[in-house]
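Dear colleague,

Please find the structure below, handed over for your study. The findings follow it, grouped by topic.

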Amino acid sequence: ASKEYRMSRRLYTLVKGTTGNGKITLEQYIQAAGFDGIIAAANRRLLPMSGGQYELYRQRDSIGKKINSFLDLEVLDNYTGHRRPVGNLSGGESFKASLSLALGLSDTVSSNLGGIQMDALFVDEGFGSLDEESLEQALKALNSLADGRRLVGIISHVSELKERIDNKIIVTKQCGGEGVGSSIRIQ
């Protein structure tokens, strides 16, 4: 019984992540492994969208710390060769990273659930923070999704973007009188 107890206790402390320095719980390990898959899928989108400049990574040096930072992201700037926190990205760069993560999550869910397809994706704003080249790269990525028979909805006020989208639902605010609210027009 004592031998079984020691073995069970060792297994329990291993699963709880309390066996020594640098250990994480089994739950954290599974979350990190799943997140690594999402990041790999996101990088397949981010690299071309950023012209090969950026790749996302999960912070590795936070494992074993008492804080729950084992899912924190950093970005590798392939132009400089340095990693930095994703919070240091500009607005446009941050938008591309976020869009890539959303697409990576969609790809991962689809592949892990036996081919269940996520048929719709809605992107709300963020396009205003992109320069012309970045806007082109983001639209190329979204068009490739639409070509794959997914519905891609973009919510935006950016004129250059609105001109490049063929099928639109235009929402117009109405004020005063009986026409209070909004109207829609399909174009």
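Is Asn 167 buried or exposed? Asn 167 counts as exposed, because its relative accessibility is 69%. Please bear in mind throughout that this is a predicted model. Asn 167 is found in the loop between helix 5 and strand 6, the latter covering residues 169–174. Asn 167 and Ile 186 are 19 residues apart in sequence, and their C-alpha atoms are 7.6 Å apart in space.

The sheet

Strands of a sheet pair through backbone hydrogen bonds, and the pairing may be parallel or antiparallel. In this model, 3 strands form an open sheet with antiparallel pairing, in the order 1-2-3. Strand 1 (54–58) and strand 3 (82–85) stand at the edges with a single partner strand each, so one side of each is left without a neighbour in the sheet. From one strand to the next, the twist averages 35 degrees.

Strand 1 and strand 2 (residues 73–77) run antiparallel and are joined by 5 bridges. As an example to locate on screen, Leu 56 has Val 75 in strand 2 as its bridge partner. Helix 2, which spans residues 26–49, packs on the sheet and touches strand 1 and strand 2. The direction of helix 2 makes about 175 degrees with that of strand 1.

On the other pairing, 4 bridges join strand 2 to strand 3, and these strands also run antiparallel. Here Leu 76 has Arg 83 in strand 3 as its bridge partner. The hairpin of strand 2 and strand 3 has 4 residues between the strands. In this hairpin, Gly 81 takes a positive phi near 80 degrees.

Which loop holds Phe 70? Phe 70 has its place in the loop between strand 1 and strand 2. Phe 70 is buried, because its relative accessible area is 7%, below the 20% limit for that class. The C-alpha atoms of Phe 70 and Gln 59 are separated by 6.5 Å, although the two residues are 11 residues apart along the chain.

Gln 53 sits in the loop between helix 2 and strand 1. Gln 53 counts as buried, at 16% relative accessibility. Neighbours within four places in sequence aside, Gln 53 is in contact with Leu 47, Leu 76, Asp 77, Asn 78 and Tyr 79.

Salt bridges

Side chains of opposite charge can pair when their charged atoms come close. How many salt bridges does the structure hold? The structure holds 6 salt bridges, and some of them are described here.

Arg 83 forms a salt bridge with Glu 74, with 3.1 Å between the closest N and O atoms. In this pair, Arg 83 is partly exposed, with a relative accessible area of 41%, whereas Glu 74 is buried at 14%.

Asp 77 forms a salt bridge with Arg 84, and the closest N and O atoms are 3.5 Å apart. Asp 77 is buried, with a relative accessible area of 5%, whereas Arg 84 counts as partly exposed at 23% relative accessibility. Asp 77, Arg 84 and Glu 93 are linked in a network of salt bridges.

A further salt bridge joins the side chains of Glu 136 and Arg 164, at 2.7 Å from N to O. Glu 136 lies in helix 4 (residues 132–147) and Arg 164 in helix 5 (residues 159–164), so the pair ties together parts that are 28 residues apart in sequence. Glu 136 is partly exposed, with a relative accessible area of 40%, and Arg 164 is partly exposed too, at 42%.

A nonpolar patch on the surface

Which residues form a nonpolar patch on the surface? The patch is formed by Leu 11, Leu 14, Val 15, Leu 26, Tyr 29 and Ile 30, which together have about 590 Å² of accessible area. Helix 1 (2–16) and helix 2 are the elements that give two or more residues to the nonpolar patch. One of the patch residues is Leu 14, which is found in helix 1. Leu 14 counts as partly exposed, because its relative accessibility is 46%.

Yours sincerely

Key:
Residues are numbered from 1 along each chain as its sequence is written. This is a predicted model: local features need pLDDT of at least 70, side-chain atom pairs count only at pLDDT 80 or more; totals for chains, interfaces and linings use all residues. Side-chain values use heavy atoms; hydrogens and water are left out. A salt bridge is a side-chain nitrogen of Lys or Arg within 4 Å of a carboxyl oxygen of Asp or Glu. Buried means under 20% relative accessible area, exposed over 50%, partly exposed in between (1.4 Å probe, protein chains only). Two strands pair if DSSP finds at least two bridges between them. Axes are lines fitted to C-alpha atoms, for helices over the stretch in contact, and angles run from 0 to 180 degrees between N-to-C directions. Contact means heavy atoms within 4.5 Å. Patches are made of residues with over 30% relative accessible area and no salt bridge: like charges are joined within 9 Å, nonpolar side chains (Val, Leu, Ile, Met, Phe, Trp, Tyr) within 5 Å. Accessible areas come from the Shrake-Rupley method with a 1.4 Å probe; for residues, only the protein chains shown count as cover.
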